[in-house]
Amino acid sequence: MLSIFSSRPRTIMEALSRPAAFLPILIPILLLWAGIGIHLVYENMRAEQAAFDDTDNLARGFGEVVARTIEGVERTIKIIRNVRARYPDGFDLKAISPAADVQGGPTLQIAVTDRNGMMVGSNLPGAPMVDLADRPHIRIHFEKPGDFLYISAPVLGRASGKWSIQFTRKLFARDGTVDGVIVVSLDPYYMSRFYESLDIGDGSILLVGLNDGIIRAQSPLRPGSIGSVMAADRIQAIRSGGTNGRYRTAASADGIDRTYSYRRLDDYGLAVAVGLATDEVFLALRRDKNTTLALGGLLSALFAIAGVLLVQQRQRLLHSRALMAATLENISQGIVMVDQDGNVPLSNRRALRLLDLPDEVLYEKWSY
């Protein structure tokens, strides 16, 4: 009796239950996501570096603007001081620097005091002559030796009635003694409005004192921000860092996380800090990330589908070969297949018996 045996076909789930069956599918997907991960990390680093480069350039630019402004104030002070030294009896501040010449700009007032700190001149018409002896920006020139420029924190002017930053220097008598103080008052809001005219989105610009940490100008300008004290950890980071540096922090006023660069103006005891909103910095990166992840997901799905189809095809091929082998081994006829090159790619055991050949020949190629 002729008996034909067939093997039970393996299902795809049985094939996938073996770890090796997953490799053709998993390896391309893992390589794909490794590449995506490396790309996203690189792009994140590049975006952050670009933000620091932008803020660093802005901080340098604003630092130069502040330095040039202070140099202009110093020139004004020295000119007025020289005129007073030459013509002490006929000195008229209103004639030298009329208020109309500085209206609309950063200068609010130019004033002089006597050696007792009493205000004795102003370029503002009708300005009251008030006692300024207790003001730190006046008192320091009578207490500390040397000829130096002092830049105050924002103070409420007794004569102008406005908040201002005071730039002061000593006035000298002919005998070299201190004869008073010259004061140039700058409007901190003018500088803040200038900063606000620049398009930096949700960014922020600060002009802060290095020694006291007090904010001289800020954009965006908020009520009470002028004259407030910068967070201790941030001003310390600026003090302890180099002339130029960077940091990242969330502002307590609005909660916006920003990437900052700063530039110290050590000669004037000031620092400029410029920050760009982190969300805006990484906006393009987030769009690229979403696109990349979507594409990665699509490719992963295609790899998975292709892999499953390949595994199924392989299992069908193996099943067909198993059926053919079972058929050949269980029929009574001897079968030998010879290709055009004289090789024997197929034979069964019955053929070996009929030809009186050993079983080992099944695993060898025949030729004749």
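Which residues does serine 164 touch, not counting residues up to four places away in sequence? In this predicted model, they are Leu108, Ala153, Pro154, Val155, Ser185, Leu186 and Pro188. Contact here means heavy atoms within 4.5 Å. Serine 164 lies in strand E5. Its relative accessibility is 1%, so serine 164 counts as buried (under 20% relative accessible area; exposed is over 50%, partly exposed in between; 1.4 Å probe, protein chains only). The serine 164 side chain also makes a polar contact with the side chain of glutamine 166, at 2.4 Å. A polar contact is a pair of N or O atoms within 3.5 Å; within protein, one must be able to donate a hydrogen and the other to accept it, and residues adjacent in sequence count only if both atoms are side-chain atoms.

Residues are numbered from 1 along each chain as its sequence is written, and side-chain values use heavy atoms, with hydrogens and water left out. Local features need pLDDT of at least 70 and side-chain atom pairs count only at pLDDT 80 or more, while totals for chains, interfaces and linings use all residues.

The protein has ten helices and 13 strands. These are DSSP runs numbered from the N terminus (helices: H or I, at least four residues; strands: E, at least two). Of its 368 residues, 39% count as buried. Among contacts with a separation of 6 or more, 53% come from residues 24 or more positions apart.

The largest nonpolar core holds 28 residues. Such a core is a set of buried Ala, Val, Leu, Ile, Met, Phe, Trp, Tyr and Cys residues joined through side-chain atoms within 4.5 Å. Val66, Ile70, Ile77, Ile151, Phe167, Val184 and Leu270 touch the most other members. Helix H2 (19–86) is one of the elements that give two or more residues, as are strands E5 (163–172) and E6 (178–186). H2 gives the most, with seven residues. Apart from this core lies another, of twelve residues, including Leu210 and Tyr260.

Isoleucine 151 is found in strand E3 (residues 150–151). It is buried, at 11% relative accessibility. Its C-alpha atom is separated by 5.7 Å from that of glutamine 166, 15 residues apart along the chain. Leaving out residues up to four places away in sequence, isoleucine 151 touches Ile70, Ile165, Gln166, Phe167, Arg216, Tyr268 and Leu270.

Side chains of opposite charge can pair when their charged atoms come close. The structure holds twelve salt bridges (a side-chain nitrogen of Lys or Arg within 4 Å of a carboxyl oxygen of Asp or Glu). Glutamate 74 and arginine 169 form one of them, at 2.6 Å, N to O. Glutamate 74 is in helix H2 and arginine 169 in strand E5, 95 residues apart. Both residues are buried. Arginine 169 also meets aspartate 147 in a salt bridge, at 3.0 Å, N to O. Aspartate 147 lies in the loop between H5 and E3, so this pair ties together parts that are 22 residues apart in sequence. Arginine 169 has a relative accessible area of 8%. Aspartate 147, at 39% relative accessibility, is partly exposed.

Arginine 216 forms a salt bridge with aspartate 212, with the closest N and O atoms 2.8 Å apart. Arginine 216 is buried at 3% relative accessibility, whereas aspartate 212 is partly exposed at 33%. Glu64, Arg68, Glu71 and Arg263 are linked in a network of salt bridges.
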